[in-house]
Amino acid sequence: MNLEPVSNDVYIRIRTELLVIGDSIITDRHHASNGNYQDDDPQNQIGGIIPAFPLSGWLRHGMESVLQQHDTTACHPGEANANFKRENIYERDLDAGYHEKGDCLDSTENGCLVFDLFGGFENRPGKFMRRPIQFSPVRSSVDYTRGQAEGHYRRLNRNVVSRNAEDNRQPLRNTELDAIANLDGSWQLTFRELKPAFLGLLAEAIEYLDTHQTEFSHQLGGARNFGAGIVDCELINPLYDNRELKRVFNRHQSPTEAMNEKDERWAEQFRPALQSAMEDRLRER
Ligand SMILES: [Zn+2]
């Protein structure tokens, strides 16, 4: 099929009320400090970066699930020769829809789709770059065409108390958690090589992650027991140009006629063709 109208940059819209990445959100709060910075001051205009690692793992797991749903297995994310603390967990994974990482290279030139996309074995690079998301609380400064998002940095404080009855809930320590509230933006994926099967799998996986967003294993980042990381996600129509991409995020504008036409073309021509390209590829092994 002709993928020409699709650029190598593909965008996923990501919306979540609360995201916790543990200690790996990189903030620019020092810019705002000026010596009198207060964590909890709502006037803080703090932005930062969500690293690509948790996003990539989340997407990968969605893709693995799609492969497993099609009765095929995906590369295990861990090295086969790694010293797993619990050998039986690795064995259990292999029974539950994974093969040893790189095993798929024995029967196919490019390995399974997950291997082909993510690489990471025999020095093979992945076929797409997962970029970090830069977020800012000031919407007017957010550039969605560069994979940025509106998001509000929050510092959560939790008091850990003693659970021994005789201690009377004596505070033991205070933990602080970096979080982003009301995130809405685009995640930019840049393909080094664009194959129809890749796009087919991506579209399928994003849909899968969206419909399984409240499942523990498909939430994003940490603090999932507390409801963080429930993500609304959608593949932004790859036929859109940059102007149309920005319009997706503008609450005051509805889609143009041209956008509606592209949506129709995507749903009726591209999606089914990409889907069958993916299915052909999955039948290869
Ligand atoms: Zn594989």
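The protein chain has an average pLDDT of 88, and 90% of its residues score at least 70; pLDDT is the predictor's confidence in each residue, from 0 to 100. The model is predicted, so local features need pLDDT of at least 70 and side-chain atom pairs count only at pLDDT 80 or more, while totals for chains, interfaces and linings use all residues. Residues are numbered from 1 along each chain as its sequence is written, and side-chain values use heavy atoms, with hydrogens and water left out. Confidence is lowest in helix 1 (residues 29–33), with a mean of 58, and highest in strand 10, at 98. Helices (H or I, at least four residues) and strands (E, at least two) are DSSP runs, numbered from the N terminus.

The zinc ion has as protein donors Cys75 (SG), His99 (NE2), Cys104 (SG) and Cys112 (SG), at 2.1 to 2.3 Å. Donors are N, O and S atoms within 2.8 Å of the metal (3.2 Å for Na, K and Ca); water is not among the atoms, so sites may look incomplete. The spacing of the donor residues in sequence is C-x23-H-x4-C-x7-C. The angles among the four donor atoms are 107 to 113°, and the site is tetrahedral, a term that requires all angles of four donors to lie between 85 and 135 degrees. His99 counts as buried because its relative accessibility is 7%, and Cys104 counts as buried at 0%. Buried means under 20% relative accessible area, exposed over 50%, and partly exposed in between (1.4 Å probe, protein chains only).

One of the zinc donors, Cys75, is also touched by Glu64, as are Ala74, Pro77, Tyr98 and Val114, not counting residues up to four places away in sequence. Contact means heavy atoms within 4.5 Å. Glu64 belongs to helix 2 (residues 52–69) and is buried, with a relative accessible area of 3%.

Helix 5 (residues 196–211) contains Glu207. This helix has 16 residues and reaches 23 Å from its first C-alpha to its last, close to the 22 Å expected at 1.5 Å a residue; the expected span is 1.5 Å times one less than the number of residues. Helix 5 is largely enclosed by the rest of the structure, because twelve of its 16 residues are buried. Among the elements covering these buried residues are strand 1 (9–20), helix 2, helix 4 (113–118) and helix 7 (257–283). Glu207 is partly exposed, at a relative accessible area of 46%. The C-alpha atoms of Glu207 and Val66 are separated by 9.8 Å, although the two residues are 141 residues apart along the chain.

Terms used: Tetrahedral: all angles 85-135°; square planar, octahedral: opposite > 155°, others 65-115°.
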